[in-house]
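Hello! Here is the structure I promised to hand over to you. Please open it alongside this email, and then read on for what I found in it.

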Amino acid sequence: MTAQTEGIVYVVGEAGCARATAVAAGLREKGARVRRCSMNEAIEREYEADTASLVLILPEENTTFFGLSPSEFRKRVEG
């Protein structure tokens, strides 16, 4: 992503997520207009007309999808 983006960049991640904080800080350093929000806020909010992008920071997982049971897979994919 270039820092020349004119619109707002939303960094979506859970509160306290160090990776989301680092991504947001890095984008700000490059001159981007950044707003942070949670996954639920991202789903429910109305976005400004000049929204440029959404950066989704998903929760870190230590297991692959291939090692999950069908019910664990559904829970992880569907939330």
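L58 is exposed, with a relative accessible area of 54%. In this email, buried means under 20% relative accessible area, exposed means over 50%, and partly exposed is in between, using a 1.4 Å probe and counting protein chains only. You will find L58 in the loop between strand 3 (51–56) and helix 3 (70–78). Helices (H or I, at least four residues) and strands (E, at least two) are DSSP runs, numbered from the N terminus.

Before going further, a word on the source: this is a predicted model, where local features need pLDDT of at least 70 and side-chain atom pairs count only at pLDDT 80 or more, while totals for chains, interfaces and linings use all residues. Residues are numbered from 1 along each chain as its sequence is written, and side-chain values use heavy atoms, with hydrogens and water left out.

Back to L58. Together with Y47, L54 and L56, L58 forms a nonpolar patch on the surface, with about 380 Å² of accessible area together. Patches are made of residues with over 30% relative accessible area and no salt bridge; like charges are joined within 9 Å, and nonpolar side chains (Val, Leu, Ile, Met, Phe, Trp, Tyr) within 5 Å. The areas come from the Shrake-Rupley method with a 1.4 Å probe, and for residues only the protein chains shown count as cover.

L54 is partly exposed, at a relative accessible area of 45%. Not counting residues up to four places away in sequence, L54 touches Y10, V12 and Y47; contact here means heavy atoms within 4.5 Å. L54 and I8 are 46 residues apart in sequence, and their C-alpha atoms are 8.8 Å apart in space.

Next, look at strand 1 (residues 8–12). How many of its residues are buried? The count is 5 of 5, so strand 1 is mostly covered, given that buried means under 20% relative accessible area. I8, Y10 and V12 point one way from the strand, V9 and V11 point the other way, and all are buried.

Two strands pair if DSSP finds at least two bridges between them. Strand 1 runs parallel to strand 2 (residues 33–37), and 5 bridges join them. In strand 2, V9 has V34 as its bridge partner, and V11 has R36. Strand 1 also pairs with strand 3 in the parallel sense, over 5 bridges, and there Y10 stands opposite L54.

Strand 1, helix 1 (residues 18–29) and strand 2 make a right-handed β-α-β unit. A crossover is right-handed if, with the strands pointing away from the viewer, the path from the first strand over the helix to the second runs clockwise.

Is S38 buried or exposed? At 16% relative accessibility, S38 counts as buried. Leaving aside its neighbours within four places in sequence, S38 is in contact with V12, G13 and E14.

Finally, the charged pairs. Side chains of opposite charge can pair when their charged atoms come close. A salt bridge is a side-chain nitrogen of Lys or Arg within 4 Å of a carboxyl oxygen of Asp or Glu, and the structure holds 2 of them.

- R33 forms a salt bridge with D50, with the closest N and O atoms 2.6 Å apart. R33 lies in strand 2 and D50 in the loop between helix 2 and strand 3, so the pair ties together parts that are 17 residues apart in sequence. R33 is partly exposed at 41%, and D50 is partly exposed at 33%. The C-alpha atoms of the two are separated by 11 Å. Not counting residues up to four places away in sequence, D50 touches G7 and I8 as well as R33.
- R35 forms a salt bridge with E48, the closest N and O atoms being 2.5 Å apart. This pair links distant parts of the chain, with R35 in strand 2 and E48 in the loop between helix 2 and strand 3, 13 residues apart. R35 is partly exposed at 36%, and E48 is partly exposed at 30%.

Enjoy exploring!
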